[in-house]
Amino acid sequence: MESTAERRPDRRAEREAARRAKTRRGLLIAAVSTVVVLGGLAVLILTSPGWPDVRDKFFDPEVFKDSFPDVAEAFWLDIRVFCIVEVIVLVLALGVALLRTVRAPALFPLRLLATVYADVFRGVPVILLVYLVGFGIPALDLQGLPSEPVVLGGIALTLSYTAYVSEVYRAGLRSVHRGQRDAALAIGLTEQQAMRHVILPQAVRRVGPPLLNDFIALQKDVALIAIIGVAGEAFRVAQIQAASDFNYTPLIAAALLYLAVTVPLARLLDRWDIERAR
Amino acid sequence: MNAPVLEFRGVTKAFGERDVLHGIDLEIAEHEAVAVIGASGSGKSTMLRCADLLEEIDDGDILLDGEVITDPSVDAVSVRRRLGLVFQAYNLFPHLSVLENVVLGRWRGHGVPTGEAEEAARAQLKRLGLEGREDDQPDRLSGGQQQRVALARAFAARPRAMLLDEVTSALDPELVGEVLATVRTLRDEGVTMLIATHEMSFAREVADRVGYLHDGRLVEIGPPEQILSEPREPETQRFLRRLLEAGRV
């Protein structure tokens with residue numbers, strides 16, 4: 001007994017030292033491989049025959065400085081469109097998802113419409129919808145319909161993303177265990193009360209991360225409304241500036257602005273996922 | 001004699017091709033506790049779910065206080081408000097606190113004002129030994145505590161009868177006792193109960209009568225000591241022998 005008691009501290013110290021050595025070795029390998037991979041890529045790009053041209057056309061500091069304020073100002077429109085469309089999408093998509101979930105016979109036609117809508121609008125490229133709505137609705141020549149490109153672009157994005165997000169909600173609703181509905185009915189709630197107080201709150205909590213993922217996609221797709229002539233949109237402004245002197249640096253400025261929004265959202269999403277996993 | 005609180009008359013139920021209940025006749029008197037034992041898949045849970053109108057029966061009738069409740073014209077919601085069903089897997093609402101779990105049905109289902117429903121729920125939780133846990137989320141509780149909350153939730157509206165579906169089956173053995181104690185508390189207050197279980201000691205201790213369900217038929221029913229010690233029917237004898245060999249009696 002005594003001998004084991006004596007040996008123990010040594011073994012503990014040995015294991016501790018081995019663990020530290022293993023960690024050090026891991027860090028060293030990570031550092032070396034990062035330098036090799038990133039350094040290799042940098043060398044490959046910087047020594048390529050066309051690099052000086054690309055550098056002047058895409059990464060010109062002077063042009064960047066000149067164009068950034070205009071592009072940034074235009075980006076504010078992107079943010080506003082994004083926020084408004086997102087709120088409308090969140091509400092409408094929930095409505096579509098609920099319509100597709102309820103089983104009341106009287107609602108059958110609405111359920112059918114909701115299903116066709118979700119299938120069709122998820123299947124059509126967003127860019128095509130922007131064209132269709134942006135040029136098609138004004139061409140109808142009907143009184144009272146919006147004709148401003150930014151509104152039409154917003155409508156197109158809303159139609160597309162409502163279809164996507166309704167599927168996210170629906171998956172969430174379906175993921176709530178059947179026993180929850182049974183328990184809600186057993187305590188004397190009606191079907192509607194069970195949905196509102198028991199199933200829906202659980203479903204919405206579960207779909208937070210996938211919803212945020214769709215937010216990120218929407219934020220980027222706001223740039224698509226530039227194609228129907230929305231003046232003052234960040235990508236459009238950058239494009240016009242690039243076209244005036246064939247220098248594309250303003251587009252890089254626009255890209256950085258999009259990243260400034262999407263990267264923090266992506267990190268937020270990661271952290272959320274980790275917290276939920278705990 | 002008073003009309004039975006709950007009555008099954010020739011109740012038959014099939015899931016697709018499979019007969020689950022086959023002509024069940026059973027009367028449960030006021031203040032009586034009846035336990036139904038049987039192998040898993042024998043139809044015990046289906047009996048309770050049919051009584052709470054979570055499943056539709058195919059033939060026969062179920063009556064609550066002499067009124068047929070399985071008629072298609074009957075409002076299922078109002079029937080469920082007069083019964084309390086407790087599930088094997090507790091089925092607590094994970095997004096609500098313990099107190100909110102107990103209050104929700106009273107408040108939304110029965111239209112009792114929040115304050116009043118909360119006060120009653122607190123008193124109820126205290127009586128069942130759950131004082132101090134009111135604001136916890138259900139997943140912070142042990143399985144035994146969760147099932148006691150589920151009992152409190154089902155009993156919150158003072159139902160005419162409690163339907164207990166294998167309430168101890170999902171629990172670790174050391175947690176069964178506290179749930180049984182809670183059921184005993186309700187039993188001692190004269191709550192009418194229909195209990196599905198394969199916990200023989202539970203049936204013996206709590207029930208006034210025990211029925212043996214085999215392949216959807218109520219093979220025999222009688223006082224616990226008779227059914228569990230001297231069963232008449234060969235099926236019941238075989239079932240009990242198997243349990244005895246498995247060390248479950």
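In chain B, strands E9(B) and E10(B) form a hairpin with two residues between them, and B:Asp215 in the turn has a positive phi of about 50°. The model is a predicted one, in which local features need pLDDT of at least 70 and side-chain atom pairs count only at pLDDT 80 or more, whereas totals for chains, interfaces and linings use all residues. Residues are numbered from 1 along each chain as its sequence is written, and chains are lettered from A and ligands numbered from 1 in the order in which they are written. Helices (H or I, at least four residues) and strands (E, at least two) are DSSP runs, numbered from the N terminus.

Strands are taken to pair if DSSP finds at least two bridges between them. By this criterion E9(B) and strand E10 (residues 217–222) pair in the antiparallel sense over five bridges, with B:Arg217 in E10(B) as the bridge partner of B:His214. E9(B) is also joined to strand E3 (residues 33–37) of chain B by four bridges, the two running parallel, and here B:Ala35 stands opposite B:Val210 in E9(B). Five of the six residues of E9(B) (residues 209–214) are buried, so this strand is largely enclosed by the rest of the structure; a residue counts as buried if 20 or more other C-beta atoms, placed from the backbone, lie within 10 Å of its own.

Chain B also holds an open sheet of four strands in the order E2-E1-E4-E5, with antiparallel pairing. Its edge strands, E2 (18–28) and E5 (67–68), each pair on one side only. Strand E4 (residues 59–64) and E5(B) are linked by two bridges in the antiparallel sense, and B:Leu64 stands opposite B:Glu67 in E5(B).

In chain A, the 16 residues of helix H8 (residues 191–206) should span 22 Å at 1.5 Å a residue, and the end C-alpha atoms are 21 Å apart, which agrees; the expected span is 1.5 Å times one less than the number of residues. The buried residues of H8(A), including A:Ile199 and A:Leu200, pack against H6 (149–175) and H7 (178–186) of chain A together with H3 (98–109) of chain B. H6(A) is itself mostly covered, with 21 of its 27 residues buried.

Technical notes: Buried ≥ 20, exposed ≤ 12 C-beta atoms within 10 Å, placed from the backbone. Contact = placed C-beta atoms within 7 Å.
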